[in-house]
Amino acid sequence: MALPIPGPWPLPILGNIWNVDAENSVRDLSNLADVYGPIYKLRIGGEDRIIVTSQELVNEVCSRKEFAKYPVGFVMQLREVAPEGLFAAYPDQGSWGIAHRTLMPTFGSTSIKNMFPEMMDTSSQLLLKWARFGPDHPINVVDDFTRLTLDTVTLCAMDTRLNSFYTDEVRPEVKAMVGLLYETQQRTYRPWWITALMRGRNRKFDDDNNLIHEFAAKVIANRRANPSNRKDLVDAMLNGRDPKTGKQLTDDMIIDNMITFLIAGHETTAGLLSFMMALLLTHREAYSKLQAEIDSVVGTNAITVEHLKDLKYLKACLWETLRIHPPSGLFPVTYLDENPNARTTLGKQWEVKSGQTIIIVVPKLHRDPEIWGDDVEEFKPERMMEENFKKIPKNAFKPFGNGSRACIGRSFALQEATLAIALLFQNLDFKLADPDYKITIKQNLANKPHNYFIYAKPRPHVN
Ligand code: HEM
């Protein structure tokens, strides 16, 4: 017989609105798992949501075909911004398949190598900025990594230079995107009828949305007026064809995907870089090991794309950072069955109804003691070295989501982050401005550390 799923009692109409703070949902959902266990239920926005946190249950929902991504919550709200984009598309939406099949080759690790010059360009700007500050200037790490990842994704996906390192003024397109993301997140947890009454905020949301769409449309018009031989993402979107249907992306699909890449591709990678820097500066042994590896693989030579694959400890540090502090803290799967009355069970005992959504809490999954042992809270890159990485049980490590809806930008993000860290550690020595610093998390679209400051000093071989 199916057992009822535990969970805090929902209030009439408001549901469990008081149990989850929209700005700290990952933290709150993790904490609720400590009280209710690896599966529990909440009523959010008028819908029942099942939350799972253990590898056993995550493995089940990520392996069974009847559980798949369906836009709900934040992703559903994002459909107001980019309904034709990969991230927020319905599973059976034709435009998802066309864009996915057309763009997958460009996002593959081999093609991503073509974007190395653009990534080197933006990373070098960051290096120069930090080197020129001098050893006594406090550096706001999170802000600068956010500049880096925004400039990189805009250069690679929109052929546009934001030049964020050269100005303190935030460009209107960036302001619009930040505004859209903030409001989208707020709407996720706010009852729809309250949102409907917030006329001023809704007007601002529409203005921001128009501005960002106009920006993307201008990029397309500009590239068409000035054709280029560059084999970048803009070229793939404008000229690529779906190998299955032979169709090309429409302008609406291109615009929505450009916006999607900006949204999905900058905060996440900035979160990864900012957490990694914080973890390395609070674990000096790992810091020294990493710098020794970079010195032995690259030395004082200019970094090339071929060096990156040999930086194995750096890769392990990236994986371990993604384990402890995954920038994308939650992802949903929904039980999809054509029969609206269908029922199934999870863990052979908990009943799930057709259409019900299950939310995976990634940081909690990455701390499942059954998988990772008693030292789950410790930063130990060694556990992610290739030989150990291969032994991680299925679906125990999910920083990039699941199945065909997993992150298309994974190789992009990993190449960008590997290059940035290698370049910075090759040339600079770092220390924390506050020696007693402890990482605290700020949730936005992605998790990042709260602002923290470091000092950077050119290494002796750099003059
Ligand atoms: C999807 C994480 C970087 C583009 C996802 C998903 C996760 C994720 C968890 C699945 C979301 C879901 O199931 O709802 C990350 C992390 C990144 C990163 C941790 C960096 C460390 C990027 C970059 C890009 C990108 C750099 C683009 C340049 C996308 C897109 C999707 C996606 C388009 C939707 C794919 C689809 O549904 O077909 N990402 N991402 N991401 N990501 Fe990333």
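This is a predicted model: local features need pLDDT of at least 70, side-chain atom pairs count only at pLDDT 80 or more; totals for chains, interfaces and linings use all residues.
**Stop 1: the ligand.** Select the ligand and the residues around it. The shell holds 26 residues, and the closest are Gly265, Thr268, Gly401, Cys407 and Gly409. Two elements each give two or more residues to this shell: α12 (251–281) and α19 (410–427). Colour α12 next, as the largest share of the shell, 7 residues, comes from α12. By class, the shell around the ligand has 16 nonpolar, 8 polar and 2 charged residues.

**Stop 2: the sheet.** Now select β4, β12 and β9. They form an open sheet of 3 strands in the order β4-β12-β9, and the pairing is antiparallel. β4 (139–140) and β9 (428–432) are the edge strands; each has a single partner, so one side of each has no neighbour in the sheet. Zoom in on β9 and β12 (residues 453–458), which pair in the antiparallel sense over 5 bridges. Here Leu432 can be found opposite Ile454 in β12.

**Stop 3: two helices.** Select α6 (residues 116–133) and α7 (residues 141–158). Their axes come within 9 Å and cross at roughly 155°. Because angles over 145 degrees count as roughly antiparallel, α6 is roughly antiparallel to α7. The crossing of the two helices is right-handed.

Show side chains at the contact. On α6, pick Glu118, Met119, Thr122, Ser123 and Leu126; they meet Asp144, Leu148, Asp151, Thr152, Leu155 and Cys156 in α7. The contact of α6 with α7 divides into 5 nonpolar, 3 polar and 3 charged residues.

Methods:
Residues are numbered from 1 along each chain as its sequence is written. A residue is near a molecule or strand if its C-beta atom, placed from the backbone, lies within 6 Å of it. Helices (H or I, at least four residues) and strands (E, at least two) are DSSP runs, numbered from the N terminus. Ala, Val, Leu, Ile, Met, Phe, Trp, Tyr, Cys and Pro count as nonpolar, Asp, Glu, Lys and Arg as charged, and the others, Gly among them, as polar. Two strands pair if DSSP finds at least two bridges between them. Axes are lines fitted to C-alpha atoms, for helices over the stretch in contact, and angles run from 0 to 180 degrees between N-to-C directions. Angles under 35 degrees count as roughly parallel, over 145 as roughly antiparallel, 65 to 115 as roughly perpendicular and the rest as oblique. A crossing is left-handed if the near helix is turned anticlockwise from the far one by less than a right angle, and right-handed if clockwise. Two residues are in contact if their C-beta atoms, placed from the backbone, lie within 7 Å.
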